[in-house]
Amino acid sequence: MTFAHDTEAALMAAVELVNSAEEPDTLTEIDQLAEFFVKHTYTGVHAGDAAELAQVRALRAPLRRMLTSDRDTATRLVNETLAEHRAVPQLVRHGDVDYHIHAVSSEAPLPVRIAVETAMAMIDLIRSDELSRLSVCADSTCEGLVLDLSRNRSRRYCSTTCGNRNAVAAYRARKK
């Protein structure tokens, strides 16, 4: 199944944010948050201060729960997030990006925009019964999340590092 660009982008950003909590923590400095903001093409207000960094870091656990829950629990969490932030979906177009959905104003704080955009993306996964596209890394030493947007649903590892580590271990096991 192919998802809209904004759905895929929001899910990729959410998975990266959640995975930043895994060792080593990769979201500890304001500059790292600024890179995340640019990389995932967020628009609107970006305070770029320690308070915003702390609020974005605090999103990691709730987003992990949302992304790893069963369908009914994920639905409840999505609905709670949208209600909490009084999300009102609207089609918008800006920059080089064609029409897509924003559900809070561009003046909303970055943590609110991240939470709501993730919830909006989860709506597409829930409605199409595609939550299996999200999983925990197959590496037994890793708790990172995997977003599998491949056609054949073959992605098992959260990163090339985890994939390579397991390939090397399998190779060594075969050679014994």
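Which side chain does a polar contact of 2.5 Å join to that of Asp148? Select Asp148 and Ser150: their side chains form this contact (a pair of N or O atoms within 3.5 Å, one able to donate a hydrogen and the other to accept it; residues adjacent in sequence count only if both atoms are side-chain atoms).

The model is predicted, with local features requiring pLDDT of at least 70 and side-chain atom pairs pLDDT 80 or more, while totals for chains, interfaces and linings use all residues. Residues are numbered from 1 along each chain as its sequence is written, and side-chain values use heavy atoms, without hydrogens and water.

Remain at Asp148, in the loop between β4 (145–147) and α6 (160–175); helices (H or I, at least four residues) and strands (E, at least two) are DSSP runs, numbered from the N terminus. The Asp148 side chain also reaches the backbone nitrogen of Ser154 at 3.0 Å.

Next, select Glu22, located in the loop between α1 (5–19) and α2 (30–39). Beyond its neighbours within four places in sequence, Glu22 is in contact (heavy atoms within 4.5 Å) with Arg64, Glu143 and Gly144. The C-alpha atoms of Glu22 and Ala51 are separated by 21 Å.

Then select α5, residues 110–127. Of its 18 residues, 14 are buried, so α5 is largely enclosed by the rest of the structure (buried: under 20% relative accessible area, 1.4 Å probe, protein chains only). Asp129, which follows α5, has a positive phi near 50°.

Finally, select residues 133–175, whose end C-alpha atoms lie 33 Å apart. This span is 37% helix and 14% strand.

Definitions and conventions
The expected span of a helix is 1.5 Å times one less than its number of residues. Buried means under 20% relative accessible area, exposed over 50%, partly exposed in between (1.4 Å probe, protein chains only).
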